[in-house]
Amino acid sequence: MKYLKIMLFAGALGLMFSSCKESAVKEEPFKYLADEFADIKVIRYRIPGWDSLSFQQKEYIYHLSEAAKSGRDIFWDQNFRHGLRVRKVLENIFENYKGEQESEDWKNFVIYAKRVFFSNGIHHHYAEEKFIPACSQEYFSKLLTESGQEGESAEILPLLYDPAVYPHRKNITGEGDLLLGSAVNFYDGVSKAEAEAFYAKMIDAKDTTPVSYGLNSKLVKRDGKIFEEVYKVGGLYGPAIEKIISHLEAASAVAENDTQRGYIAKLIEYYKSGDLNMWDEYNIAWVKDTESQVDFINGFIEDYNDPMGMKASWESVVNYKDLAATKRADAISGSAQWFEDNSPVDPRFKKKEVKGVSAKVITAAMLGGDCYPSTPIGINLPNANWIRKNHGSKSVTIENITYAYDQSSLKSPFGQEFTFSAELLERAKTYGPHAGNIHTDLHEVLGHGSGQLLPGVADEALKNYSSPIEESRADLFALYYIMDDKMLELGLLPHADAAKAEYDLQIRNGLMTQLTRIQPGKTVEQAHMRGRAMVSHWVYEKGKPENVISRVTKDGKTYFVVNDYPKLRRLYGQLLAEVQRITSEGDYEAAKALIETYGVQVDQELHKEVLERYAKLNLAPYAGFVNPVLTPVVADGRIVDVKIDLTEGYVEQMLRYGRDYAFLK
Ligand code: ZN
């Protein structure tokens, strides 16, 4: 009876408030969590400020968002040559299988399909390894038959079930050929040595404004000959690229200004020709646009997925400025030269003049390609070093994504489990999220843009170690400066303790908690994780004589505790200087030694303990996002408004994208 009474009472309150407009609309608490499975949680993000945009801006965003979704198939195909085929099979089972949907087998099939959708392929999006369905092969084969796909069995089942078939997305195990042993589809029949020889002939070391060689092509060997298949209209991925272009053209017609129209035209020209000079021209025009409120990235951009670090995955993010929060990032970029001048790096490796480091905080409105569903929280582009040096770079922090993530994990017991004392936990709760945002700002706005290469050093000099070294460089820049008095002076941090909270978190993560993302017996593979492991292990080792960080056991549990923050900062500074030297000089051997010594190996004992403690918490280590649904309101054949809907489910969205944005075979 008690419950009924409470419900009635609530009903009465509802009535009471209905006369008062302000309080009448009692909002349902927003459901950030959309889905949870395996090691993943899927979160909804809100897009605050949407209603303050003009209709024209909304329409512009709408067309850019269609372009962002139109390249989805490209990324699937780049990830794995059979990726699209596997996805189609899974989609067909969802659409056509009408059998029971209660058994453990079916539930395991659904989990598998959700994981494949999440990873844009059959390999873990982060750990690079293939994962296998938990339902039996016989059951899967039955699903194929009952969804009218019997003919697929012979080829699909080994792809999914045989652990020896395409085991790694990126083969960075050190065994076998880097390229031939990788499932990524950037190379076909080409070995690492052959690819290196191919590009060595092309790269002109004296060129001070080189194009990003190999960025937008697949390297193929046929009849003993090696050549590039270029991504362009009429070339590889032509049908999807044509769709992207058509939406970019529609966007251009309602752009905010001529600057946007100018670089959209260059981007289209590049998509048509595949000419990498045009890609550079586009980037130069794009990086100068810091005034427009709406912005986007769309193209073959990041090379993390290529074992050689040359070929770029297709991705897109459509966004608009979060005007209030941008003020924070402006404070950082406004002092960019001061930060560069005062860094602990050898003056030869510093930029004499830091150009146009623009910074802003953005609200993402659509994620596509390699940014979906797993998305970065900060972006710094363009990637070409000479463009960054001569024309500057644009840097963003995606606040609504981080916010949604924080909201979805408010009640997480993670911090409590791995934080040494109640006092430290309290400090982390008070300052952690804010300090984390400032770290991201520093990493993106200043870190990646800082420093310079010595003349004659190629962007690709560090080869397979370039990504982890670059990420550690940006992190170190952030870590060095977050403890600087300048942070308080600029009003970026409320208290000196905020930086300490960030140090605690970084040390804990690099030495221990990021191990929750690694399978037992495996080493650290992902670039950001290698960078963080390297940085934390290095400062831990070098700080031992002075007990800067101690490893403590309490109740049988391991903790890492920072004892001396100023000394830790000094160590971060020393390592920053060394990593900058390695980058500036292109010292491959030193990069290799640093990453292999500190960034790859895992303490098996500790790993086991961390995994056990973590398993008890029942949490998902990876997060991704479902996009809002943008629907144009059309009157008299014209778009007059764009409505947003944030309720679409995860599988629902995946299947809809599979139906509406499938442009490749
Ligand atoms: Zn970064």
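Leaving aside its neighbours within four places in sequence, which residues is Lys 321 in contact with? In this predicted model, the residues in question are Thr 290, Glu 291, Ser 292, Gln 293, Thr 326, Lys 360, Val 361 and Ile 362. Lys 321 itself belongs to strand E7, which covers residues 313-321. With a relative accessibility of 14%, Lys 321 counts as buried, because the limit for that class is under 20%. One of its contacts is polar: a polar atom of the Lys 321 side chain lies 2.9 Å from the backbone oxygen of Thr 290. Lys 321 can also be placed relative to Ile 398, for the two C-alpha atoms are 9.4 Å apart in space, while 77 residues separate the two positions in sequence.

Strand E7 is part of a sheet. This sheet is open and consists of 5 strands, arranged in the order E6-E7-E8-E10-E9 with mixed pairing. Its edges are strand E6 (294-302) and strand E9 (378-381), each of which pairs on one side only. From one strand to the next, the twist averages 35 degrees. Within the sheet, strand E8 (residues 357-369) runs parallel to strand E10 (residues 393-398), and 6 bridges join the pair. Ser 358 has Lys 394 of E10 as its bridge partner.

The side chain of Lys 394 makes a polar contact of 2.7 Å with the side chain of Asp 295. It also reaches the backbone oxygen of Asp 289, at 2.8 Å. Beyond its neighbours within four places in sequence, the contacts of Lys 394 include Trp 286, Val 287, Thr 290, Ile 379, Asn 380 and Leu 381.

Attention now turns to the metal site. A zinc ion is coordinated by the NE2 atoms of His 443 and His 448 and by Glu 471 through OE, at 2.1 to 2.2 Å. Along the sequence, these donor residues follow the spacing H-x4-H-x22-E. Distant parts of the chain are linked here: His 443 lies in helix H18 (residues 422-447) and Glu 471 in helix H19 (residues 466-482), 28 residues apart.

Technical notes:
Residues are numbered from 1 along each chain as its sequence is written. This is a predicted model: local features need pLDDT of at least 70, side-chain atom pairs count only at pLDDT 80 or more; totals for chains, interfaces and linings use all residues. Side-chain values use heavy atoms; hydrogens and water are left out. Two strands pair if DSSP finds at least two bridges between them. Helices (H or I, at least four residues) and strands (E, at least two) are DSSP runs, numbered from the N terminus. Axes are lines fitted to C-alpha atoms, for helices over the stretch in contact, and angles run from 0 to 180 degrees between N-to-C directions. A polar contact is a pair of N or O atoms within 3.5 Å; within protein, one must be able to donate a hydrogen and the other to accept it, and residues adjacent in sequence count only if both atoms are side-chain atoms. Contact means heavy atoms within 4.5 Å. Donors are N, O and S atoms within 2.8 Å of the metal (3.2 Å for Na, K and Ca); water is not among the atoms, so sites may look incomplete. Buried means under 20% relative accessible area, exposed over 50%, partly exposed in between (1.4 Å probe, protein chains only).
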